Amino acid sequence: MLKKHNKTFCDWFKDTIFVDENASETLRKLADGPKRNVITWQGYDINKYSFYTKSQDDKSTMQNSGVTLRVESQHFASVHDVNPCVASIPYFGFIDEIWELNYLKFTVCVFKCKWVDSNTSVCIDDTGFTLVDLKKLGYHNDPFVMAKQARQVFYVQDPCNERWCVVLQGKTIGVNVEDDDSYMDTYVIPLSTQITPNVVGEEEADDVHANRNDHDEGELINIV
């Protein structure tokens with residue numbers, strides 16, 4: 001049922017919105033879909049973070065491609081499970097591509113990410129640090145996340161086991177580490193911590209996010 005829902009939702013959404021006389025212009029633009037030509041960026045500033053793609057990180061001495069997102073989703077014990085439970089789970093990964101979708105009246109930035117498999121490759125060590133195996137990826141059919149919902153993390157190699165990386169909090173733009181008591185190099189993000197995405201309200205103007213000054217040339221690609 002979930003697969004069928006994901007496959008048919010776009011057509012259902014479009015048909016539903018266009019027959020609703022009370023639907024807002026924003027909903028109509030979303031239902032109509034974005035332009036087929038989209039701009040991709042190597043860097044993007046949003047939510048007080050500077051995000052990079054992984055390929056851009058590889059050219060830099062800084063790490064800005066790590067992302068985390070906490071979502072609520074249904075979990076099934078097996079294919080025969082008729083009583084799924086709803087759980088709030090943090091996901092960890094890194095940005096593969098940055099897309100800016102153009103709906104004519106407004107734009108929406110999304111991150112195309114590669115996600116670590118939370119079922120087998122995320123754990124907590126004896127000291128409470130969250131560890132991830134960046135080589136064990138999953139969720140290949142669900143790579144996108146809205147940029148305004150993402151929080152930044154960075155990964156440090158575990159000195160005790162090269163398979164694992166320790167998850168640490170990313171640094172926000174404009175914050176002086178020496179003056180900010182809430183930021184520490186040893187900041188821990190435990191698996192059970194409630195991570196609330198820094199979501200931009202709908203009433204705020206779209207210019208709350210902007211492309212980085214050092215990445216002012218985007219690349220046009222076609223989406224099918």
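## Cysteines

Cys 113 is buried, with a relative accessible area of 5%, whereas Cys 85, at 44% relative accessibility, counts as partly exposed; buried means under 20% relative accessible area, exposed over 50%, and partly exposed in between, with a 1.4 Å probe and protein chains only. The count of disulfides comes to zero, a disulfide being a pair of cysteine sulfur atoms within 2.5 Å.

## Basis of the model

This is a predicted model, in which local features need pLDDT of at least 70 and side-chain atom pairs count only at pLDDT 80 or more, while totals for chains, interfaces and linings use all residues. Residues are numbered from 1 along each chain as its sequence is written, and side-chain values use heavy atoms, with hydrogens and water left out.

## Helix contact

Helix H1 (residues 2–18) and helix H2 (residues 25–32) have axes that come within 9 Å and cross at roughly 145°; helices are DSSP runs of H or I with at least four residues, and strands are runs of E with at least two. Axes are lines fitted to C-alpha atoms, for helices over the stretch in contact, with angles from 0 to 180 degrees between N-to-C directions.

Phe 13, Lys 14, Ile 17 and Phe 18 of H1 meet Leu 27, Arg 28, Leu 30, Ala 31 and Asp 32 of H2, where contact means heavy atoms within 4.5 Å.

## Strand pairing

Strand S4 (residues 66–75) pairs with strand S5 (residues 85–102) in the antiparallel sense over 10 bridges, and Arg 70 has Pro 90 in S5 as its bridge partner. S4 also pairs with strand S11 (residues 151–157), in the antiparallel sense over two bridges, with Gln 152 in S11 as the bridge partner of Val 67; pairing requires that DSSP finds at least two bridges between two strands.
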